[in-house]
Amino acid sequence: MKATSRAPRIIRRILKILSSLLVIAINTLLIWRVFFSANIPAEIKTLTPTDGLRAAYAQSGDALILRYQEQATVTKSARSYGYFGVPQVIFIPEIQQVQLVFRYNDSTLKHLAKDYGLEGIPDKELTHFDVTLVKTTDLTPDNKEDNIVPETLSSERFFPTAAYTERDTTSLYTYYRYVFDGITIEDVTAGIFVDVYYLGDVNYEKLPYGTLCLYDAPLPWISYKLTSADKKELAIN
């Protein structure tokens, strides 16, 4: 009788332990996803050592100006909410260059298939998006209040310097590091944006699939400090 009466308590204890282990496992997975799976791969995170950047660093060292602004890092529009991110962007005015890291989650490919009526989820190992920069210029610089009116702005599109494009993937994300050359910022520059188009629907006359602001004239600059990995890549042997 005693053995029989103890059985339900043992079962309840086992179930309680299993439930606790399940909660721990779920929390561990969430913590890993938040803090580790979204880490930029080391090779993508490090600045691309272009010839111009290496020469500029050799001349200026740590005095070289590298900067960015505090901007939204993930798309927020209803059309592509959370689809695309730019976790790092660096402006290098001395060599008229911008380097950025472009990222999207595996779920973005599922949304892409749904949004465009594709037969299946696109292959993660292939390239699916066209990424460009757009620079807007204020045509009426004496009136800063009218920049929301398209007619008061002109725009110029810039394409990545293909030789320097890098790509990497993690269990959840796809990353690209792009280099854009010839980017200057003058007093009349209103903004610089990154536009994302699906490669199967590239039409620059249409609204992009996703867009993020990288530079907004009224906002202040933040200095970027070279990491030890950056310095190692930029050092000329």
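Six salt bridges turn up in a search of the whole structure, a salt bridge being a side-chain nitrogen of Lys or Arg within 4 Å of a carboxyl oxygen of Asp or Glu. One of them joins the side chains of Lys231 and Asp62 at 3.5 Å, N to O. Lys231 belongs to helix H5 (residues 228-234) and Asp62 to the loop between helix H3 (51-60) and S1, so the pair ties together parts that are 169 residues apart in sequence. Helices (H or I, at least four residues) and strands (E, at least two) are DSSP runs, numbered from the N terminus.

The model is predicted: local features need pLDDT of at least 70 and side-chain atom pairs pLDDT 80 or more, while totals for chains, interfaces and linings use all residues. Residues are numbered from 1 along each chain as its sequence is written, and side-chain values use heavy atoms, leaving out hydrogens and water.

An open sheet is formed by four strands in the order S5-S4-S8-S9, with antiparallel pairing. Strands S5 (153-158) and S9 (210-216) stand at the edges with a single partner strand each, so one side of each is left without a neighbour in the sheet. On average, neighbouring strands of this sheet are turned by 25 degrees against each other, direction ignored; the axes are lines fitted to C-alpha atoms, and angles run from 0 to 180 degrees between N-to-C directions. Two strands count as paired if DSSP finds at least two bridges between them. Two antiparallel pairs are listed here.

| Strands | Bridges | Residues opposite each other |
| S6 (residues 166-169) and S7 (residues 173-181) | four bridges | Glu166 and Arg177 |

A hairpin of three residues connects S6 to S7.

Gln71 sits in the loop between strand S1 (67-68) and strand S2 (84-92). Its side chain makes a polar contact of 3.0 Å with the side chain of Gln69; such a contact is a pair of N or O atoms within 3.5 Å, one able to donate a hydrogen and the other to accept it. Leaving aside residues up to four places away in sequence, Gln71 touches Cys213, Leu214, Tyr215, Asp216 and Leu219, where contact means heavy atoms within 4.5 Å.
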